[in-house]
Amino acid sequence: MVKTRLRAKAGMGVAAVLMTAAMGVAAAPPAAAAPADCPREYVCVWNNDTASGKPTWKSKGNLYDLRSEKGVTIVNNGVRQPGADHIWYNLTATPENGGNFKGCLHYPNDTNMVTFEGPVTLHSARWGREC
């Protein structure tokens with residue numbers, strides 16, 4: 001069973017959501033927010049699947065060959081730069097957690113965070129073109 005999860009932090013409480021639904025107003029989906037400890041223009045990786053604490057690895061450049069027994073959270077906190085503002089990741093999880101994954105993260109105000117549970121090897125997190 002794949003235990004990969006995309007997490008987007010929402011800024012609305014349950015009451016606000018219920019009130020919006022009761023009024024019949026369509027709410028736009030919340031923007032994915034990078035955790036506060038990831039500096040602007042960086043890709044950050046946490047050695048856990050909750051983005052708790054400070055990022056274990058962060059860089060304005062690419063990241064390679066990172067290993068975690070507790071899962072990882074990857075955040076693209078980059079800025080708009082056509083052709084080089086998305087993070088392309090390639091990782092291997094245990095077979096029971098889905099095996100190999102490749103994907104792409106946008107910069108903030110779009111989906112910019114992904115988490116993986118269990119033992120993980122992040123082969124690369126590279127800046128690149130549009131997803």
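Where is Ala36 found, between which helix and which strand? I looked this up and found Ala36 in the loop between helix 1 (14-23) and strand 1, where helices (H or I, at least four residues) and strands (E, at least two) are DSSP runs numbered from the N terminus.

Before going on, I noted that this is a predicted model, in which local features need pLDDT of at least 70 and side-chain atom pairs count only at pLDDT 80 or more, while totals for chains, interfaces and linings use all residues. Residues are numbered from 1 along each chain as its sequence is written, and side-chain values use heavy atoms, with hydrogens and water left out.

I then checked accessibility, for which buried means under 20% relative accessible area, exposed over 50%, and partly exposed in between (1.4 Å probe, protein chains only). Ala36 counts as exposed because its relative accessibility is 81%. I also looked up the separation of the C-alpha atoms of Ala36 and Asn77, which is 9.8 Å, although these residues are 41 residues apart along the chain.

Next I turned to Thr94, which lies in the loop between strand 5 (86-93) and strand 6 (100-105). Thr94 counts as buried because its relative accessibility is 17%.
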